[in-house]
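Let's take a friendly walk through a structure, looking at where two chains meet and what sits inside. Have the picture open as you read.

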Amino acid sequence: MMRVLVGVLGFLFGVIAGVALLLGNPLAYFRGLPPLPPDLAPAKSYRWDDYRGMRGGVADLLGIAGRDAGVALMDPALQRVRAGIVVLPAGEGTPAALALKVSAIAEENSLWRAELGTHDYWSITWPGEGGVFANAYSNQWTLARDSFFALVLGNDSLAAAYPVTAPPPAAGVAAVTGATGRYAGFTGEIRETLYPAKDGRGVDWAVSIKVNPPPVAPR
Amino acid sequence: MKRLFFITFLAGILAVALAATFWPLPRHLRFHALTTVPPDGGRQEEFVIHWPEDRIARPDEARDGGPLAVLGAAVLEDSAGRRVSAELFRLRDAGDNVVGVAGRLAGTGGAIADRGRSATSWLLVIPGRGALFLGQNDAFDTTVRQGTGPAGPVALAPPQAATFWNDRPRVRVTAMAPRPAAGGVATSGRVLRGTSEFAGLGGSFTETWDLQEVNADGSTRGRILLSTLTLAGT
């Protein structure tokens, strides 16, 4: 009996140590993109509670989450997608904007490369001003790592904010493209930050977008 | 005992390594792309949205707004009357398979569009294939309006009311362009950019609304047709 107990405990500690080593992958520290200057791209906070589809947490990214019948999209092709309408607040020189955000689990995710995220697609329009599209890859690896250590160590080691935008795993870039109005032809960058809720209910997000006008061609 | 603990400890680490290697991370169900190649080049692909059934309602959205109210839409209007509306749909391929999610953002006024017209941004996300970003000037104001229903404020979309149609079964939404776009099509609809499988593609598109049925309560059924023509490096 003692031998079995020691064997089970050894295996359990081995699994915990293995997961800790996996999550501690140093690649995760080098994957994020630097933040945008707040004076040029002020962060707009929003709640993404009003969504349809998957919850978008780590369990969904690992494929072990159950479906929430109240919000899930039942179409087979949309089971790993989250979509919703978001209102970005006014402030810091910009009016409120209406936006659509669609996230789809990235098929390029890899547990060995510390990549566990979604491809996020935005369409944003400011009334009377114009609209932009944006796409980015949001890597939730560091949030998964800190959540694991918080669970194992029994402390509150979650950071207040997680900058999640990282270069897409496959070829491609996180980028902004002007669509309509005065932003037509603009290009730019996007960053997203995730604020984990300490009480376990929902999360808050913030998005920063910096756009540049198209270069002027000399005559 | 120490040896047993050490061996099982290593077995635990090995189990994690094996799980990390062979864990079946989620993948999207993917349908074959139903594309055609026109004689003068490019790739033509049609996407279809049926209204009202392909509208993606918000969770707990009330369905008692009357027959003309649309689900899954939002309207934002500033004090100058410049309006933006957002709509979410399931996106189908030409074979009527639901392949993705489509978002339509239409805006009026200011720098966006001339008086009485709107400009629209279509976001087409096909999981596993990527996304297409489309932009166009509309031939008329296509924004969803805020109205009042029996149970409070409701969103009203022009094509979902029978009065919009006036005996015409089909409406081209995309405004004509003064100059032909890629492929010689005179449309203001532009494929601005794509990601993943659509990366590096540009081109043109047109949006058409087809009326299929007028209901006795004044509401309609129909379909939105997005015909895209994409070319590499445009």
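How many salt bridges does the rule find across the interface of chain B and chain A? In this predicted model, the rule finds three salt bridges there. In one salt bridge, the side chain of Arg27(B) meets that of Glu107(A), at 3.4 Å from N to O. Polar contacts also cross the interface of chain B and chain A, with 16 residue pairs found.

Now look at the side of chain B that touches chain A. Helix 1 (2-22) of chain B is one of the elements that supply at least two residues to this side; its 12 residues are the largest share. Sorted by class, this side of chain B looks as follows.

| Class on the side of chain B that touches chain A | Residues |
|---|---|
| Nonpolar | 41 residues |
| Polar | 16 residues |

The size of an interface is often given as the accessible area lost when the parts come together. Between chain B and chain A, the buried area is about 5,400 Å², and carbon and sulfur atoms give 74% of this area. The contact takes 69 residues from chain A and 65 residues from chain B.

Next, the inside. The largest nonpolar core has 26 residues, and Trp122(A) and Ile124(A) are among those that touch the most other members. Strand 5 (117-126) and strand 10 (187-196) of chain A are among the strands that each supply at least two residues of this core. Another core, of 25 residues, lies apart from the largest one and includes Ala104(A) and Val98(B).

Key: Residues are numbered from 1 along each chain as its sequence is written. Chains are lettered from A and ligands numbered from 1 in the order in which they are written. This is a predicted model: local features need pLDDT of at least 70, side-chain atom pairs count only at pLDDT 80 or more; totals for chains, interfaces and linings use all residues. Side-chain values use heavy atoms; hydrogens and water are left out. A nonpolar core is a set of buried Ala, Val, Leu, Ile, Met, Phe, Trp, Tyr and Cys residues joined through side-chain atoms within 4.5 Å. Buried means under 20% relative accessible area, exposed over 50%, partly exposed in between (1.4 Å probe, protein chains only). Helices (H or I, at least four residues) and strands (E, at least two) are DSSP runs, numbered from the N terminus. Contact means heavy atoms within 4.5 Å. Buried area is the accessible area (1.4 Å probe) that two parts lose on being put together, summed over both. A salt bridge is a side-chain nitrogen of Lys or Arg within 4 Å of a carboxyl oxygen of Asp or Glu. A polar contact is a pair of N or O atoms within 3.5 Å; within protein, one must be able to donate a hydrogen and the other to accept it, and residues adjacent in sequence count only if both atoms are side-chain atoms. Ala, Val, Leu, Ile, Met, Phe, Trp, Tyr, Cys and Pro count as nonpolar, Asp, Glu, Lys and Arg as charged, and the others, Gly among them, as polar.
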